[in-house]
Amino acid sequence: MDTSLLELVQRILWAVSFIAVGGTLALMFFLVFAQSIIGSKTIHSQLDRLLHQIEQANQQLKQIAKHIEQDKDKSDDES
């Protein structure tokens, strides 16, 4: 075989092994950290939903307080 052909094959094998090692490291990184990354997104979305529910509860409490105050004013006017 020609030496230039051998050098070409050697360079191709080196590049393929470099890509394979890089892919393996990326896969290991994903498998190790995927749970924490996905978990933090899930927690963030749950906190957003909880914040929305708290805001709704606050609005309802304000409405209840307003109605109670109106009822109290009506009873004071009648007395």
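Mentor: A residue counts as buried under 20% relative accessible area, as exposed over 50%, and as partly exposed in between. The model discussed here is predicted.

Trainee: Is W14 buried or exposed?

Mentor: The cut-off for exposed is over 50% relative accessible area. W14 has a relative accessibility of 59%, so W14 counts as exposed.

Trainee: How many helices and strands are there in the protein chain?

Mentor: Helix α1 covers residues 3–78. For the protein chain, the count is 0 strands and 1 helix.

Trainee: What radius of gyration does the protein chain have?

Mentor: The C-alpha atoms fill a box of roughly 115 × 20 × 5 Å along the principal axes. S4 and E78 are 74 residues apart in sequence, and their C-alpha atoms are 107 Å apart in space. For a compact globule of 79 residues the radius of gyration would be near 12 Å, but for the protein chain it is 33 Å.

Trainee: What percentage of the 79 residues count as buried?

Mentor: The accessible surface of the protein chain comes to about 7600 Å², and carbon and sulfur atoms hold 65% of that surface. To count as buried, a residue needs a relative accessible area under 20%. Among the 79 residues, the buried share is 1%.

Trainee: Which residues form the nonpolar patch on the surface?

Mentor: One member, L5, lies in helix α1. L5 has a relative accessible area of 37%, so it is partly exposed. The patch has about 520 Å² of accessible area together, and its members are L5, L8, V9, I12, L13 and V16.

Trainee: How many aromatic pairs does the structure hold, and is the pair of W14 and F18 stacked or edge-to-face?

Mentor: The structure holds 2 aromatic pairs. W14 and F18 have ring centres 5.8 Å apart and planes at 15°. Planes under 30 degrees apart count as stacked, so the pair of W14 and F18 is stacked.

Trainee: Where do W14 and F18 lie relative to each other in helix α1?

Mentor: F18 is exposed, with a relative accessible area of 59%. The two residues are 4 apart in helix α1, so W14 and F18 are separated by about one helical turn.

Trainee: What is the pair of F29 and F33 called, given planes at 50°?

Mentor: F29 is exposed at 51% relative accessibility, whereas F33 is partly exposed at 39%. Their ring centres are 4.7 Å apart. With the planes at 50°, the pair of F29 and F33 is tilted.

Definitions and conventions:
Residues numbered from 1 in each chain as written. Predicted model: local features only at pLDDT ≥ 70, side-chain atom pairs only at ≥ 80, totals over all residues. Heavy atoms only, no water. Patch = residues over 30% accessible without salt bridge, like charges linked within 9 Å, V, L, I, M, F, W, Y side chains within 5 Å. Areas by Shrake-Rupley, 256 points an atom, 1.4 Å probe, with all protein chains shown as cover. Salt bridge = Lys/Arg side-chain N within 4 Å of Asp/Glu carboxyl O. Buried < 20%, exposed > 50% of the residue type's maximum accessible area, 1.4 Å probe, protein only. Phe/Tyr/Trp six-rings, centres within 6.5 Å; stacked < 30°, edge-to-face > 60°. Rg over C-alpha atoms; globule rule 2.2 N^0.38 Å.
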